[in-house]
Amino acid sequence: MIRSRLEPGAGTRTFRRYAAAALGLLALLAVAGGTAYAGDEPAKAIGLFEFPEIISEEAKKIDSIFWLVLYLTGAAFVAVAVGLTWCCLVYRKREGVPAFYTHGSSKAALGVTLTLAVLVFLGVDMNVVRASNAVAKEVQANFPTEDEAIHIKVLAQQFVWNLRWAGKNGIFGRTDPKFYREDNQFGLDEEDQNGWDDVVAGSLVVPVDTPVILEMESKDVIHSFFLPNLRIKQDVVPGMTTRLWFKATKTGEYEIACAELCGLGHYQMRGLLRVVTQEEYDQWMASRAP
Amino acid sequence: MSDAAQAHGHHGHHEPASFVGKYIFALDHKIIAVQFMLGGLFFLLVGGSMALLLRWQLANPFVPVPVIGTFLFPETGGYLRPDDYNIMFTMHGTIMVFFAITPLVIGMFGNFAIPLQIGARDMAMPKVNMLSFWFYILGGIILLVSLFLPGGASHSGWTAYPPLSGLVGSPDLGQTFWILGLTLNGVSSLMGAFNYISTVVMMRTKGLTAWRLPLTVWGLVFTSILNLLFVPVVAAALILLLVDRTFGSQFFGANGGSTPLLFQHLFWFFGHPEVYILILPVWGLISDLIAVFSRKPAFGYKATVCSMLAITAISGIVWGHHMYTAGISPTMGKVFMSLTMLVSIPSAIFFLNWLGTLWRGSIRYTTPMLFCLGVVLVFSLGGLTGIFNAAEMLDVFLHDTYFVVGHFHLTMAASVLLGAFAGIYFWYPKMFGRRMNETLGKIHFAISITTILYIFIMMMILGAHGMMRRLADNSNYAFLKGLQPQVANISWAVLVLACAQLIFVFNFLFSLKAGPKAGENPWEAATLEWTTPSPPPHGNFGPVLPEVYRGAHEYSVPGAANDWVPQSQSG
């Protein structure tokens, strides 16, 4: 301990007095903070490890990477923490026991270093890369073919998700920004007959067990289309069309979030994902047809 | 070289007599180091207070801030509007990264340690050094002033992605001020960087070969190289953004062949090296300090230097891992993932060498040593959680969530700040001639490390729930609302962490007057700065510069009279 090395000076006793005063002040602040803090009525609490429900096979695969990385890095962290604790406990200063003089530059130390490098590279790095690439092959690169999937266009704007289906004829109508209006958020060209049956809605209604392809554009700033239950997100960038696909396997209502800061209403840019049976979907589609 | 430096010392350095010349427009590197330290601590206070406001809003959405609320936000009766929240986290990030941490670990460490540790009388270019500090202050003033503009300061995040930071998303003047403030800060960093490199290359005292340099100096050299390479890139991006905003050009527009993604590439091309810019001086410092307080030579010195070099090289080719979901080619995502993984190899070697230095040492648990051990623990956690984000397909879920927030705060905020405190506790006796109180220092450490670990581990768990960052209020989402108690608990821990920093402020100020006299070498360290009086006089080393005969970490040498052998001891 360094305490023995402190020169006993006039400062030390005064220090104690002031330190006590400072700690007292801290305690006061904490109490003041405690009274000032008044919580809302408690919402239904979610368990700390009760992660959002998974509703697709692809999301399960993405989640499996999380657990793989957790095991690998967890092992590495335990190694560091145990090594650190052990060194700190065993090698603290003891009278008459000098430190071991070594520069750690021997061949043995070099060997340990190189072994560690190879171990980390092959054991952790390449394992994670392999796992991620395997999932990418089955999820990201495995886009459904054009005819088996439902196409939905997403048009993001501050702070709403606009959604559009091609309708009965299966062809999307032409759009142009010059037609943007309050009642025509997509800017549909009314002269294009293909667009007359397009279905426009505020929530994403999809049939269960059917692949869905989203084609996404943004009107103003960058947004990010995030589906927590499907473990995927994709930025929506002005001037670009980005694509995303998923196949939900469980019916129900889930949330769509905006994950990229998009302005003062960012925290409210919430959408709804409704996964329904094929019959309900057909009914809904019929009811929405113009 | 030492002859030239001596002549320089005799003829070039007249001690300034006036207060302004000595303490305001100072040319002495030690005073400039203290200026950077005080500047950094001031902005740490500002940025930290903003964090408290953010945490208040998250714990109690749209409830007036107690006591100071009506003063800060009179229009609303004391609570933060969503836009105020956006402004606060933007300014918190910007101020902490560029105006608090950078001056502490680069401005303070660099200016104080480099000349003293390499046996020089001052930096190579003292006037550039002074200018570097005042550019930093000017940038900081512009940033603070922007808070009072109509429309408020920048609200587009510290990453400032256009079009949100362009005229589409930020038509007010705040964003322009943000660009100007940051550009001036970049100029300050550049002036520091080439000054540091020149000083280390040209002004090392006789006998101080490259392999005898303290690792702190090595870390600062690599940091300066990264600054020189990458700060111009972000400066260019900022100026293009400025031109977009003021002259209506379309460098980052959505049409005419330009794309907003260009800004992201330029920003992260700098932004990723920036995290190594901040952590490299800390790695260097704690490698030295663990050796000092274990009373052992630094384990694997050359391997540590080579790892720093490797990190420096790799840092420039990994920026795409910030953009997996941004709309870049999936193939590029895989390339960047593989390259990013390479970072873990030199990082693992650092940990091996730190533990190797502790192994069979004779450890003295002083306050700076505790902070160093804190860096090792916190950085191991921060570094390892980086692998979650680096795994491309997993990042598709974790990107832009609190997982990322927790991860980067552990690495570039908590680790770097713990390192900065280690440096301050370590060099305080040399700077001011008095010692800080050890007991208060240890209390400061114990509270800080506990709360830091709690805060950021909890944030990562919330991130695994998918909780998005930068939300003014989580309760809009059903899948987040039930986590509100955890969010409030984090805010509590942040309050405790903030209060613990008051212990440090008190210790710092009180020790100036009442701390016990330090003497020349209170830590019994071997590097050159500890051979000078505390505080060192103008010109540092008396009439003759020291000569170096050995490496920087000769502790517990068998047969030596003491358990440390100063670098300048002959024979």
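Guide: Let us begin with a single pair of residues in this predicted model. A:Glu255 stands opposite A:Leu272, which lies in strand β10 of chain A.

Visitor: How many bridges join the strand β9 of chain A to β10(A)?

Guide: As a general idea, the strands of a sheet pair through backbone hydrogen bonds, in either a parallel or an antiparallel way. Here β9 (residues 252–258) and β10(A) run antiparallel and are joined by five bridges. With β4 (residues 204–207) of chain A, β10(A) pairs in the parallel sense, over four bridges. In that strand, A:Val276 is the bridge partner of A:Pro207.

Visitor: In what order do the five strands of the open sheet in chain A stand?

Guide: The order is β3-β2-β1-β5-β8, and the pairing is mixed. Because β3 (199–201) and β8 (242–246) of chain A stand at the edges with a single partner strand each, one side of each has no neighbour in the sheet. From one strand to the next, the twist averages 25°.

Visitor: In which sense do β2 and β3 of chain A pair?

Guide: Strand β2 (residues 160–165) pairs with β3(A) in the antiparallel sense, over three bridges. A:Trp165 stands opposite A:Val199 of β3(A).

Visitor: Let us turn to helices. At what angle do α9 and α10 of chain B pack?

Guide: Helix α9 (residues 261–294) and helix α10 (residues 301–314) of chain B pack at about 175°, and their axes are 11 Å apart. An angle over 145 degrees counts as roughly antiparallel, and therefore α9(B) and α10(B) are described in that way. B:Tyr276, B:Leu280, B:Trp283 and B:Ser287 of α9(B) make the contact with B:Thr304, B:Met308, B:Ile311 and B:Thr312 of α10(B). By class, these contact residues are five nonpolar, three polar and no charged.

Visitor: Finally, how many residues of chain B are in contact with chain A?

Guide: There are 107 residues of chain B in contact with 97 residues of chain A. On the chain B side, helix α18 (residues 484–514) gives the most, with 11 residues. The side of chain B that touches chain A comprises 62 nonpolar, 30 polar and 15 charged residues.

Terms used. Residues numbered from 1 in each chain as written. Chains lettered and ligands numbered in written order. Predicted model: local features only at pLDDT ≥ 70, side-chain atom pairs only at ≥ 80, totals over all residues. Pairing = 2+ DSSP bridges. Helix = DSSP H or I, 4+ residues; strand = E, 2+ residues; numbered from the N terminus. Axes fitted to C-alpha atoms, helices over the stretch in contact; angles between N-to-C directions. Contact = placed C-beta atoms within 7 Å. Nonpolar A, V, L, I, M, F, W, Y, C, P; charged D, E, K, R; others polar. Parallel < 35°, antiparallel > 145°, perpendicular 65-115°, else oblique.
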